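Dear colleague,

Please find below the sequence and structure that I am handing over to you. My notes on what was found follow directly after.

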Amino acid sequence: MSRTSWTTKRDEKNRRIKNITHLMNGVILKKENIVEALESLLQPGDRVVLEGDNQKQASFLSTALTQVDAAKVNKLHMVMSSISRPDHLDIFEKGIAQKIDFSFSGPQSLRVAQMIEDGKLEVAGIHTYLELYGRLFIDLIPNVALVAADKADRFGNLYTGPNTEETPTIIEATAFKDGIVIVQVNEIVDELPRIDIPASWVDVIVEADQPYQLEALFTRDPKMITELQILIGMMTIRGVYEKHNVQSLNHGIGFNTAAIELLLPTYGEKLGLKGKIATNWVLNPHPTLIPAIESGWVETVHCFGGEVGMEAYCAARPDIFFTGRDGSLRSNRAFAQVAGQYAVDMFVGSTLQMDRNANSSTVVSGRLAGFGGAPNMGHDPHGRRHSSAAWLDLITSDDPLAQGRKLVVQTFETFQNGNTPVFVETLDAIEVAKQAKLATAPIMIYGNDVTHVVTEEGVAYIYKADGEEERRKALSAIAGVTSVGMESSSGAISSLREKGIVAYPEDLGIRRTDAKRSLLAAKNVQDLVEWSGGLYNPPSRFKNW
Amino acid sequence: MKTVFLFPGQGSQHPRMLKDYSLTDSIVANIFSEAELVLGEPIKTLDTKERLASTVFAQICLLIAGVISARRLLSRGIKADYVAGHSVGAFAAAVIGGVLSFTDALKLVWDRGTLMEQAYPKGYGMLAVTGFQLPRLQQIVNQHNQHHSIVYLSNINAADQQVIAGEIVSLSALAGALESAGIQKAQLLNLSVPSHCPLMQGVSTALKDSVAGLKLNEPLIPYCSNYSGRILTTAETIGDDLWKSVASTVKWFDATTLIYESGVRAFIEVSPSGVLSKIAASSFPEARIMSMDSQNLDTVSWLWRDSETV
């Protein structure tokens, strides 16, 4: 049997575009016509990507989507890396959308859990970022993409600037498979600073009433860093970065890693480590990395996205950051995720809970937050082959075929907020999986991928442990007075320290009393601005001087 | 900035709480005369120290103060996108949301308070705990219940603040167990009624009949449920919440988190304020929290308008 047409998708796209001809001026649509246009361009059951990650949101388009007539547009299958805005769930309440594939839903985690329970939201899958991006090209190919850019010209070329994020990935998967690409822009200009996405990939441009929503997610005020976090940072620098010669890496978003960034130019400098460790990064433009950059520690940084206030600083440091001919930062979330998973030697992050097998989760009871970048960055891609010192240093056998390992490091205080133990018998994630009827428990990082755990008690080199029993003992030795920590005996601990499976501060030449805030290269946001020579312009809520 | 009015529940009342309202304000005058008509007593006799020791009068005074306070906010053009009442505060929230008339609310609350007071005359109470997340607390409570008379989780106010109801002897034993597990605070409240648990089933059933006899209007403002932690937008579901909640856990943390996720960043607690503002400040450090008693109407009005420009 032969098929009658090989161009059904293309024909359908042309049909839909033709229906809005009367609204279009070239590729440009007036903002007041967006709802009418969406009602023609979207068909029931369409797979729709609505751009939104943890920072950048196609906010004008998401609001417009809540206003379409559910009698005309319904049963949409949404594909979104992040459920962030109330709009994103309103489209389900209103019956416009039915099903969703997503990665992260932190800002809407209770409402997501409730709507699943109430049968208002059907979750097709919760993915890591890379799985979601990959599936856009396999079985989640979009019919329509709703995305955001900074500027367009009247031909439809786009400038996405420092916050390029996942825009090119989404558009690529849509445009080259006869999907429809609709872009909201902050402004339409005669000439773009640079072209991030060419006009031939874009179908509709609409100038929004307001700039797209953008959050400063990676700004950590050094004022909030505690001396316990500084102690953990010092042990991590000595016991992990220095010990394994780690040069390429990614950091999480927490204060523990912010402390490390601010200790490099002071404590790291004193240890003579400049140029030897932490030179090549995949990281958002963390303001707390400014002192390390200014002191010559950092060679390169590739970014997932931008950070509010860091635009001028990044533009002035093209030797460090990826920038365009116009000078401004170019980020790319999908490539940064690939680099963070596959091309760096180490991930360092934090968690809210860890069980005795080092499985960790940030899931809280009754909430469904999905994942950020940690599951991709925080795992060892097993097929990788590499020859960096750090990679090879993790080989633990004499087998000529033994593989190296990526360092996956978890750092945290044994109690969060001084009262809630991080080490637990059972992760809350297991109960949440039952409540939300998930196929798998929402584990952030699997224990068998974790190589090091650092707490204020010490470092556990669990990759070295011989078998499950010894891994558990190593974790117990640094679990303090949590129930997991109470299991360790002093005899077992000394043997683990002798074998180098556990190191306490004194084993690393660190005195606990040396962990002082005076070691931080910047003590507050104002210091960061000074380090940057005034180039860093923090959002007003961080300007507290 | 999206705004919610928070209506406090029992525990927030204090003697002379209605004394400061001036009858020259027509809102106050109207509410007072309506209340005197229904209750058959002068307002000034309701908020004495002696009378407030009774659940009935405490709840009635909270209703009156909540409705006056919210109407004064509305009269200044301060709009509520949501109303959320904690426990008995839900009745004032339903009045302000347009679901329940003030007169009907007075009658319902009078019955509710009376039934609650009569249900368990003594030996019962409530224990407030601070410092443990819910799963950890739940685990200890479950273990406790295997060997003692059963206690119930009656309020989940914040991620680490809950209230437990039951027999005082059992609650005291639980407090001991929680203290040895390292909890920050476990304190018996000065309340003799084990609210928001199955021990109130009889009260709940009686209230169901009372609510069924009333004419409820469709809400003008979405209402946060106590018993389900959902946002409710129909008269029917809000009516159900009013009778169900007395015998179910108050899911205050869920309800307030849900409106925060829905975009609310301005929380205004009506009089007598303090308790709910403090909880909101700990749960939502980035929100703007306003409190009618510590900031007068002019200040709240100015802060709210200022928040509109953010």
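In this predicted model, residues L62(B), L63(B), G66(B), V67(B) and A70(B) of helix 3 of chain B meet G89(B), F91(B), A92(B), V95(B) and I96(B) of helix 4 of chain B. Classified by residue type, this contact between helix 3 and helix 4 of chain B comprises 8 nonpolar and 2 polar residues, with no charged residues. Helix 3 of chain B spans residues 55-75 and helix 4 of chain B spans residues 89-96; their axes come within 9 Å and cross at roughly 35°. The crossing of these two helices of chain B is right-handed.

Turning to the contact between the chains, 12 residues of chain B are in contact with 12 residues of chain A. On the chain B side, helix 6 (134-145) and helix 10 (252-261) are the elements that give two or more residues. Helix 10 of chain B gives the most, with 4 residues. By class, the side of chain B that touches chain A has 6 polar, 3 nonpolar and 3 charged residues.

Chain A contains an open sheet of 8 strands with mixed pairing, in the order 15-14-13-16-19-22-23-24. Strand 15 (300-302) and strand 24 (502-503) of chain A lie at the edges and have a single partner strand each, so one side of each is left without a neighbour in the sheet. Strand 24 of chain A pairs with strand 23 (residues 459-460) of chain A in the antiparallel sense, over 2 bridges. Within this part of the sheet, A460(A) stands opposite V502(A), a residue of strand 24 of chain A.

With kind regards

How values were computed: Residues are numbered from 1 along each chain as its sequence is written. Chains are lettered from A and ligands numbered from 1 in the order in which they are written. This is a predicted model: local features need pLDDT of at least 70, side-chain atom pairs count only at pLDDT 80 or more; totals for chains, interfaces and linings use all residues. Axes are lines fitted to C-alpha atoms, for helices over the stretch in contact, and angles run from 0 to 180 degrees between N-to-C directions. A crossing is left-handed if the near helix is turned anticlockwise from the far one by less than a right angle, and right-handed if clockwise. Two residues are in contact if their C-beta atoms, placed from the backbone, lie within 7 Å. Ala, Val, Leu, Ile, Met, Phe, Trp, Tyr, Cys and Pro count as nonpolar, Asp, Glu, Lys and Arg as charged, and the others, Gly among them, as polar. Two strands pair if DSSP finds at least two bridges between them.
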